[in-house]
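Good morning, and thank you for making time for this presentation. I shall walk through one structure, beginning with a single residue and then widening the view.

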Amino acid sequence: MALARIGGWKAAASRYAPRNRRDFHLDNHCFKVSDEVREAIHSRRPVVALESAIYTHGFPYPENVTLASHLESTIRVHGGVPATIGVIDGIARVGVKAEELTRLAAAAGKDTTLKLSRWDLGFICGMGLSGKIKIGGTTVASTMLLAHLAGIKVFATGGLGGVHRGGESSLDISADLTELGRTPVAVVSSGCKSFLDLPRTLEYLETQGVSVATFADGREGQIDFPAFWTRESGVSSPTVVHDEKEAAAIIYAQNLLSMTSGLLLANPIPAEYSIPLAEMDGVIDAAIREAELHRATGKANTPFILRKIKELTSGRSIPANQALIESNAVRGTKVAVELSKLEK
Ligand code: PSU
Ligand code: MN
């Protein structure tokens, strides 16, 4: 009887608790990888992860539906396999079907839709087991964690979280930064929005052991770490890469060195969409003041500021935002393609 029970427990444990990295490819009650993505990872095809908090908490509905499917097809056109990551019906999913993507995007702005960072993942999946909580958009931090569980090494997004202004006393520092310090996934982003404290963000990444490289795109001299809508930030990038081959070589080297940290690849917004820093500064200062007035702190801070910026730029920030994410998806795919050549 006791033995049978132990046998039963063992069988259950092997179903729910992966014993080694290969087993992470298996599905369990909290984590599912789509067939297409699993097959692509298995055969070492270039897979690019995409986050879903940008749809649930960054972009308004219905523009986010169009963006979500556009990003997936952009990755395919450039020879990659997209893996959008999010929580649906309480299950963390890597790779979603078209109708699931629409469900995620349509959940934008609803009180019941959670913005999920690393610390909320267990909560939503645990509650999901009892059917209580269903949909959540994953941030850079939680998307990295889930991408790594599935075996994905490259992830494209819009903006990275960072150290908030005044973070030295509020300690509001995005979990994206610590995740980069502990999870070996390369994140392609347009840097950080300048409502954050960029110099402190870079200092913090250095402390976490995260390498930060900005694509030079033929530029000479000082290369700035980009500030999302703006190519220039006045803050110098710690290192520079010239093309996707170089970026892939760094990922490959970090793997060969068994490094457990990630890599931040900063891809400046395409020049034709770049909004001058001085213009954005005024808008951002006003948005920060509004956020303080409404006491939008903690995880509500970033979505609140994004909404205000959209209002204050009469929606002009949206096309720029779309252009930079698309450009990051293309970059991410090219990096993943180069990486898969190195790994073959
Ligand atoms: N910055 C943006 N757009 C975004 C986000 C950040 O310019 O959509 C989202 C991302 O999902 C990022 C998260 O991972 O916000 C960071 O939130 P927090 O600061 O609460 O960790
Ligand atoms: Mn925060």
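In which helix is the place of Ala320? Ala320 lies in helix α14, which covers residues 317-343. Please keep in mind throughout that this is a predicted model.

Let me stay with Ala320 for a moment. Is Ala320 buried or exposed? Ala320 has 21 other C-beta atoms within 10 Å, and the threshold for burial is 20 or more, so Ala320 is classed as buried. Setting aside residues up to four places away in sequence, Ala320 touches Trp229, Ile269, Tyr273 and Ile275. Asp285, in turn, is 35 residues from Ala320 along the chain, and the C-alpha atoms of the two are separated by 19 Å.

I turn now to the chain as a whole. The protein chain contains 14 helices and 11 strands. Its radius of gyration is 20 Å, which agrees with the value near 20 Å for a compact globule, because the chain has 344 residues. Along the principal axes, the C-alpha atoms fill a box of roughly 75 × 45 × 40 Å. Buried residues account for 50% of the 344 residues. Of the contacts with a separation of 6 or more, 78% involve residues 24 or more positions apart.

Next, the ligand. How many residues surround ligand 1? There are 18, and the closest are Gly58, Thr139, Val140, Gly159 and Gly161. Sorted by class, this shell holds 6 nonpolar, 8 polar and 4 charged residues. Three helices, α3 (53-58), α9 (175-182) and α13 (301-312), each supply at least two residues of the shell. The most comes from α3, with 3 residues.

Gly151 follows α7 and has a positive phi, near 95°.

Let us move to a pair of helices. The axes of α4 (residues 63-77) and α5 (residues 98-106) come within 9 Å of each other and cross at roughly 145°. The crossing is right-handed. On the α4 side the contact is made by Asn64, Val65, Ala68 and Ser69, while α5 contributes Ala98, Leu101, Thr102 and Ala105. By class, the residues of this contact are 5 nonpolar, 3 polar and no charged.

Finally, some details of the backbone. Which residues does a cis peptide bond join? The bond joins Tyr61 and Pro62, with omega about 5°. Pro62 sits in the loop between α3 and α4.

Two residues other than glycine have a positive phi that I wish to mention: Asp89, near 55°, and Phe228, near 65°. Asp89 is in the loop between β3 (81-88) and β4 (91-94). Phe228 is in the loop between β9 (211-215) and β10 (239-241). Their surroundings can be stated as well. Asp89 has 13 C-beta neighbours inside 10 Å and therefore counts as partly exposed. Phe228 has 26 such neighbours inside 10 Å and therefore counts as buried.

Thank you for your attention.

Conventions: Residues are numbered from 1 along each chain as its sequence is written. Chains are lettered from A and ligands numbered from 1 in the order in which they are written. This is a predicted model: local features need pLDDT of at least 70, side-chain atom pairs count only at pLDDT 80 or more; totals for chains, interfaces and linings use all residues. A residue is near a molecule or strand if its C-beta atom, placed from the backbone, lies within 6 Å of it. Helices (H or I, at least four residues) and strands (E, at least two) are DSSP runs, numbered from the N terminus. Ala, Val, Leu, Ile, Met, Phe, Trp, Tyr, Cys and Pro count as nonpolar, Asp, Glu, Lys and Arg as charged, and the others, Gly among them, as polar. A residue is buried if 20 or more other C-beta atoms lie within 10 Å of its own, exposed if 12 or fewer, and partly exposed in between; C-beta atoms are placed from the backbone. Two residues are in contact if their C-beta atoms, placed from the backbone, lie within 7 Å. The radius of gyration is taken over C-alpha atoms; the globule rule is 2.2 Å times the number of residues to the power 0.38. Axes are lines fitted to C-alpha atoms, for helices over the stretch in contact, and angles run from 0 to 180 degrees between N-to-C directions. A crossing is left-handed if the near helix is turned anticlockwise from the far one by less than a right angle, and right-handed if clockwise.
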